[in-house]
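Here is my note on the model you sent over. Have the structure open while you read, and take the points in order.

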Amino acid sequence: MEDCCKAEIDELARLKTRQGRVLVVVLVLNGAMFIGEFGMGLVARSTALLGDSLDMLGDAMVYAFSLYVLHRSMVWRAWAAVTKGVVMALFGLGVLVQAVLSLRTGVVPSAPMMAGVAALALLVNAASFGLLWRHRADDVNLRSTWLCSRNDLISNVAVLITAAVVAFTGSGWPDVVVGVGIALLFLRTAQSVLKESFAELDRARQAAVESV
């Protein structure tokens with residue numbers, strides 16, 4: 001029995017090590033991509049790119065927090081997931097505000113720049129998604145992190161399509177519409193993550209009461 005318990009502890013330690021390595025890689029990828037995409041979003045005057053870049057920043061923050069709580073208790077991991085849900089909700093609201101501002105100014109973004117940056121972001125997020133895939137069911141912390149990566153892929157594809165439509169129509173409306181769509185996706189995912197996180201907190205508290 002003692003050997004069995006030791007084997008389980010060793011396996012858990014190896015799992016946490018693998019999770020930590022993955023989180024470091026995706027943290028670096030998303031942090032670097034945020035800097036590049038935000039700058040190009042300003043130059044291209046694209047609401048969709050700016051929203052996507054802020055999502056990259058939010059993900060980098062999420063990955064950093066996930067890394068911090070990786071070796072901590074279930075309660076810590078659940079609160080990390082709550083924080084991610086709040087961050088996603090805030091960025092969703094931020095993109096909605098940016099979309100309204102774009103409507104007021106009537107700016108038409110640069111379609112070629114949008115397409116180039118979105119294609120690069122898609123490659124980066126595809127790599128992050130692949131790295132996180134095997135850990136998506138490990139716990140609520142890693143699952144919420146994987147959901148962030150999944151949203152990024154959807155956003156990148158949407159921006160690529162938007163760039164094509166903007167180029168074809170010469171209008172800034174597609175950029176605004178996609179920006180609103182990205183915001184709504186953030187808000188929906190935030191709701192899902194928060195619901196699951198609070199349920200996990202309740203389970204952790206119940207387990208703590210029963211152990212007394």
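The points below go from the overall fold to single residues.

1. **What kind of model this is.** Please keep in mind that this is a predicted model. The mean pLDDT of the protein is 76, and 79% of the residues score at least 70. Among the helices, α4 has the highest confidence, with a mean of 86, while α1 has the lowest, at 67. I would point you to residues 1–15 in particular: pLDDT stays under 50 there, and the model has three contacts beyond four places in sequence for this stretch.

2. **The overall fold.** The protein has six helices and zero strands, so the pattern along the sequence reads α-α-α-α-α-α by the DSSP assignment. Of the 212 residues, 43% count as buried. Contacts between residues 24 or more positions apart make up 80% of those with a separation of 6 or more. The accessible surface comes to about 10700 Å², and carbon and sulfur atoms account for 70% of that area.

3. **The largest nonpolar core.** Which residues touch the most other members of this core? They are Met33, Leu49, Met114 and Val159, out of 20 residues in the set. Two or more residues come from each of α1 (2–44), α2 (47–68), α3 (74–105), α4 (111–133), α5 (140–169) and α6 (173–211). The most come from α4, which gives five residues.

4. Leaving aside residues up to four places away in sequence, Val159 touches Ala48, Leu49, Met114, Ala118, Val178 and Ile182.

5. **Helix α4.** This helix has 23 residues and spans 31 Å from its first C-alpha to its last, close to the 33 Å expected at 1.5 Å a residue. Its buried residues are Ala111, Met114, Val117, Ala118, Ala121, Val124, Asn125, Ser128, Phe129 and Leu132. An α-helix has 3.6 residues a turn, so residues three or four places apart point the same way. With that in mind, follow the buried positions of α4 from Ala111 to Leu132 on the model.

6. Beyond four places in sequence, Glu37 touches Leu49, Asp52, Ser53, Met56, Val117 and Ala121. Val117 and Ala121 are also among the buried residues of α4.

7. **The aromatic pair.** How many aromatic pairs does the model have? The count comes to one. The partners are Phe34 and Phe38, whose rings lie 5.7 Å apart centre to centre, with 35° between the planes, and the pair is classed as tilted. Both residues sit in helix α1, four residues apart, about one turn of the helix.

8. **Leu50.** Helix α2 holds Leu50, which is buried with a relative accessible area of 12%. Its contacts, not counting residues up to four places away in sequence, are Phe38, Gly41, Leu42 and Gln98. So Phe38 from the aromatic pair turns up again here as a contact of Leu50. Leu50 and Val95 are 45 residues apart along the chain, and their C-alpha atoms are separated by 8.1 Å.

9. Trp146 belongs to helix α5 and is buried, with a relative accessible area of 10%. Its C-alpha atom is separated by 9.5 Å from that of Arg134, 12 residues apart along the chain. Arg205, in helix α6, is partly exposed, with a relative accessible area of 46%. The C-alpha atoms of Arg205 and Val75 are separated by 7.9 Å, although the two residues are 130 residues apart along the chain.

Notes. Residues are numbered from 1 along each chain as its sequence is written. This is a predicted model: local features need pLDDT of at least 70, side-chain atom pairs count only at pLDDT 80 or more; totals for chains, interfaces and linings use all residues. Side-chain values use heavy atoms; hydrogens and water are left out. A nonpolar core is a set of buried Ala, Val, Leu, Ile, Met, Phe, Trp, Tyr and Cys residues joined through side-chain atoms within 4.5 Å. Buried means under 20% relative accessible area, exposed over 50%, partly exposed in between (1.4 Å probe, protein chains only). Contact means heavy atoms within 4.5 Å. Rings of Phe, Tyr and Trp (its six-membered ring) pair if their centres lie within 6.5 Å; planes under 30 degrees apart count as stacked, over 60 as edge-to-face and the rest as tilted. pLDDT is the predictor's confidence in each residue, from 0 to 100. The expected span of a helix is 1.5 Å times one less than its number of residues. Accessible areas come from the Shrake-Rupley method with a 1.4 Å probe; for residues, only the protein chains shown count as cover.
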